[in-house]
Amino acid sequence: LLRPRCDGIYVAECGFQRWVRVGHHTDLRKNSAQLAAYGGRGGQAEWVSYRRYPRLLPQDEEGKLRAMVLQDPCPRFAAEQVLTAGLDFATHCNPVKSEGLPEGAVPHAADADRVRKRVCVGEYSFDRHNGRILVIYTAVDGEYRLTFSLKHGELRGCSDCLTWEHYEMEDQTRGELVPFSLGRLPDWKGGGLEDEGKDHFPQMNFRPKVALEHLV
């Protein structure tokens, strides 16, 4: 039976390549090593990794299907702890800008308060006929709409794969609809990434959590 899983969290391993000048790395140890080796000249390409997490919740007492969405480079355990513990929906405020990595966010930034402030809370719907999940949430810069196709994974998986179908943001100030490129070539071009130097929207795989087993 194809259905959204609420007993864990969907996770996508994302990343992109960027050019970092000598002495401008977020890791001070790497800056010291590079300055000693190159004397402040040049730079190098590095792969920046981060993750996307949607956690889908079961229907609440108000009949709402809530979703928590996070995009951050923090350690996976830090993000999963925050999303598993949940939020106070009555007091939580979505961030000013949800898409893109926040200023100062680095892979070792595991502070729970910082991660919690990065979470966007919204609602989702599931179309059983075509297996699509639509997540909608509002940040200060607009309303975001994320569409996924839900599939069974390999090795007897159960509703454990989310594939991006569409992603758009409605700028509520200008009244403009802004579509995001998913960075994928169409099937008639062979599929795969448009640019091997970035993968912002890979498939999301489900990670069950023991603390959420009661929501199976």
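Trainee: Let's start with Thr-138: which residue in β6 is its bridge partner?

Mentor: In this predicted model, the bridge partner of Thr-138 in β6 is Glu-143.

Trainee: And how do β5 and β6 run where they are joined?

Mentor: Strand β5, which covers residues 132-139, runs antiparallel to β6, and eight bridges join the two. They form a hairpin, with two residues between them.

Trainee: Where does Glu-143 sit, and what does it touch?

Mentor: Glu-143 has its place in strand β6, which spans residues 142-151. Once residues up to four places away in sequence are set aside, Glu-143 touches Ile-136, Tyr-137 and Thr-138, and also Glu-168, Met-169, Glu-170 and Gln-172. Its side chain is also joined to the side chain of Arg-145 by a polar contact of 2.8 Å.

Trainee: What about β6 as a whole, is it mostly covered or mostly open?

Mentor: Strand β6 is mostly covered, since nine of its ten residues are buried.

Trainee: How many bridges join β6 to β7?

Mentor: There are nine bridges between β6 and β7, and these strands run antiparallel.

Trainee: Which residues make up β7 and β8, and how do they pair?

Mentor: Strand β7 is made of residues 161-171 and strand β8 of residues 176-179, and they pair in the antiparallel sense over four bridges. Glu-168, which is among the residues that Glu-143 touches, has Pro-179 as its bridge partner in β8. The hairpin of β7 and β8 has four residues between the strands, and in it Gly-175 takes a positive phi near 70°.

Trainee: Changing topic, how many cavities of 30 Å³ or more turn up in the whole structure?

Mentor: A search of the whole structure finds one cavity of 30 Å³ or more, and the volume of the largest cavity is about 100 Å³.

Trainee: What lines that largest cavity?

Mentor: Its lining has 16 residues, and those nearest the centre are Arg-52, Val-69, Leu-70, Gln-71 and Tyr-137. The strands β2 (43-56), β3 (66-72), β6 and β7 each supply at least two residues of that lining. By class, the lining of the largest cavity has eleven nonpolar, two polar and three charged residues.

Trainee: And how much space lies in the second largest pocket?

Mentor: About 220 Å³ of space lies in the second largest pocket. Its lining residues include Thr-163, Trp-164, Arg-184, Asp-187 and Phe-201, and the lining divides into six nonpolar, four polar and two charged residues.

Trainee: Why does Met-204 count as buried?

Mentor: Met-204 counts as buried because its relative accessible area is 2%, and the cut-off for buried is under 20%.

Notes:
Residues are numbered from 1 along each chain as its sequence is written. This is a predicted model: local features need pLDDT of at least 70, side-chain atom pairs count only at pLDDT 80 or more; totals for chains, interfaces and linings use all residues. Side-chain values use heavy atoms; hydrogens and water are left out. A polar contact is a pair of N or O atoms within 3.5 Å; within protein, one must be able to donate a hydrogen and the other to accept it, and residues adjacent in sequence count only if both atoms are side-chain atoms. Contact means heavy atoms within 4.5 Å. Two strands pair if DSSP finds at least two bridges between them. On a 1 Å grid over the protein atoms alone, a cavity is a set of points where a 1.4 Å probe fits but cannot get out, and a pocket is an open set with protein on both sides within 12 Å along at least five of seven lines; lining residues have an atom within 4 Å of a point. Grid points are joined across faces, edges and corners, and a volume is the space filled by probe spheres set on the points. Ala, Val, Leu, Ile, Met, Phe, Trp, Tyr, Cys and Pro count as nonpolar, Asp, Glu, Lys and Arg as charged, and the others, Gly among them, as polar. Buried means under 20% relative accessible area, exposed over 50%, partly exposed in between (1.4 Å probe, protein chains only).
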